[in-house]
Amino acid sequence: MDFKLARINLSDHNWKEEKIDDKLLRKYIGGRGLGTYLALKEIPKGIDPFSKENKIFILTGPLTGTGAYESGRYHVVGKSPLTGYLGDSNSGGDFGPWLRFAGFDGLIIEGKSEDPVWLRIENGDIKFNDASELWGKGVHHTERIIRDKVGITSETMGSVLAIGPAGENKSKIAAIINDRYRAAGRTGLAAVLGDKKLKAIWAYGKRNLLKEMYDPKKFTNEAKKLTDKIMANPVSQALTQLGTLVLMNMTNALGGLPTKNWTRGIYEKAFDISGEHLAESYLKARKGCWGCTIQCSRVSEVPEGPYKTAISEGPEYESTWAHGANILNNDIASIIKMNYLENDMGFDTISFGNTISTLMELYELAKQGKLDKDKEKELLDLLNISGIEPTWGNKDAVIQLIYLAAYRNKIGDLIAEGAKRLAEYFGRPDVAIHVKGLELPAYDPRALNSMALSYATANRGGCHLRSYSVAFDMIGSPEKWDPLAKDIKKVKGVKDQQDWFSIVDSLVICKFNVFGTGPGDYVEVIKAITGWEDINEEELMITGERIYNAERLFDVQEGDYKDTLPKRILEESLPEGPAKGHTGKEWLDFFLPEYYKIRNWDNGVPSKDILIKLGLEEFLNR
Amino acid sequence: MKVKVKFILDYYKFIGKHELILNLSNKPKIIDLINYIDNNIKNGFKEKIINGNEIKYPNMILINGRRAEFLEGLNTKLNENDEIIFSPLAYFAL
């Protein structure tokens, strides 16, 4: 299969086309897998993420933009300024397909530009453009200006990827945003683009992917079968109806909705921020990514009042929780506003919300005299000159903090660093809820115990998308697990899901596909696109394992890498609900030794045997 | 005996309320609660959620946050102030 990358050097504003060898592509598939390979190969060990030597790989996969179901995504990989390890993130919308239509299956962004620049990628050509007038502007305005410049204002034609002021100012929790509302949010890679002074990318073209396929007719037939299977699944149908936000009441019922900076698992006002309530109040429509009919995105509008917001996409479940239950805010209108502004400024909403809850707890501790005296004075002084009093549920303070953090002004300079660094700065690292520097999403592992293993062993840090074992614990899919049972079979379930999700992110398709389909369902589609006639389910799963181990190798070679949970989750039990009395330590101590055993890892480090078995020996002495 | 009952998603629409406090006779089980709702609140509820002695997939019944299947199914006994949730499905969220 022909897989074309553009190597873009921002230092001298040059680019060249490179092809990925077919055998190499088969070994890493594309997207996250190929990005991990390139990172191991091209990012030197131990560098500062803001060094010129760091690179950003923006990659699609063999399925992107083909019309195979939910294939409108792309993946970004680079060294994370937030975690210090390999960072990666995935986004939907339209950018992935349009990048391929523009003539490239991926981009290698290297070097640093002297001045702000934006790239115009069209029909196999790349032009460097001065972005001085865009620098400092929000994502929405940036997209509008670029569309004016290229003369294509229809949002169904072409796509803009951009960073906001947060990325420009190297906030470690900055998100890459495409199509205004879709974010490659996690691990702060937008800050690396900001450091390289790359403001935006426009992609448009007329490349016909069907013509490049090995067997277009077979692809059409197999893709239809896949679509039928996915849409027959009740979860797919439900997502169309209700979107992701509908999970709020259910997580709360299970006692696993993190509340007040993870000190509780039940929020008594959860209904106010639930999908049911949104549907009755501000929901305007539904929207899907390119080529997807599930349309899980919500389109909302706050037509009047202090949180008046234009029609915009969101908020999703994670964003709503992070700005709702976790900071004790039950005003859905204010959350819609926060979500809109954070997209515009270019923040990861999960990380931002967690950082705010960290600040609120630090403020409470300062008022109670529980911080070191010097630090207490510094925090209160900083908040005073910022004009902010971050009490629990103070939604107006959050809105001010979005701008302050985006421009690194006053207290915002510390918010822009993320929860871990903020809490460490004020001498209370225990207040930040993160794994390996990445703030946790909206499932408390004390109440959904397989997530203790999922979070602790997620290569990129606290993440629910390396393994979404909540699917077993809450949905009963593909099988029903008791979320509080010490059942050793969960370990293999998490490990297999991590490997399978590595493939999902490499093909690159949406994780909503995984309900009702497994690796075997994709084999014929992959054959039809690539011509890899003898590929099978077993090879796919080994490839997933290879990718997971390759990521882990990058991370452990950086040093000081440990699979664990935040101190609060490990040691403090939930005070109420079905999981009352349980700690994260109880679960992790049970699962982790077995996990290392089946991974063939020594205390988190892949053994030489497994690395050789998976064909990763070239990186042993990187 | 009082119990709190919450209805999620399709059940919220079907019943028209998110939450009800119900007075049940002594020592009721989940199946008794379902019968009570079917007879006194909204006819057709029982048919939506169970089939004989089985909870219809992918419906979910939670008693104080614990799934009925991991307790005693439809024979799970209820106690004063228990919180019961009926959901047609739990959902995947990214």
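This is a predicted model: local features need pLDDT of at least 70, side-chain atom pairs count only at pLDDT 80 or more; totals for chains, interfaces and linings use all residues.
Trainee: At what angle do the axes of helix α19 and helix α25 of chain A cross?

Mentor: Helices (H or I, at least four residues) and strands (E, at least two) are DSSP runs numbered from the N terminus, and their axes are lines fitted to C-alpha atoms, for helices over the stretch in contact, with angles running from 0 to 180 degrees between N-to-C directions. Here α19 (residues 450–457) and α25 (residues 584–599) of chain A have axes that come within 9 Å and cross at roughly 60°, which means that α19(A) is oblique to α25(A). That label belongs to the scheme in which angles under 35 degrees are roughly parallel, over 145 roughly antiparallel, 65 to 115 roughly perpendicular and the rest oblique.

Trainee: Which residues of α19(A) and α25(A) make the contact?

Mentor: Contact means heavy atoms within 4.5 Å; from α19(A) the contributors are S450(A), A452(A), L453(A), A456(A) and T457(A), and from α25(A) they are W587(A), L588(A), F591(A), L592(A) and Y595(A). By class, this contact has eight nonpolar, two polar and no charged residues, where Ala, Val, Leu, Ile, Met, Phe, Trp, Tyr, Cys and Pro count as nonpolar, Asp, Glu, Lys and Arg as charged, and the others, Gly among them, as polar.

Trainee: How are α13(A) and α16(A) oriented to each other?

Mentor: Helix α13 (residues 332–345) and helix α16 (residues 395–406) of chain A pack at about 0° with their axes 10 Å apart, and are therefore roughly parallel to each other. Among the residues that meet are K337(A) and E342(A) of α13(A) and K395(A) of α16(A), and the contact has eight nonpolar, one polar and three charged residues.

Trainee: Where in the backbone is a peptide bond cis?

Mentor: The bond from G314(A) to P315(A) is cis, with omega near 0°, and P315(A) is found in the loop between β15 (309–313) and α12 (317–322) of chain A. Another cis bond joins L507(A) and V508(A), with omega about -15°, and V508(A) lies in the loop between α21 (489–507) and α22 (523–530) of chain A.

Technical notes. Residues are numbered from 1 along each chain as its sequence is written. Chains are lettered from A and ligands numbered from 1 in the order in which they are written. Side-chain values use heavy atoms; hydrogens and water are left out.
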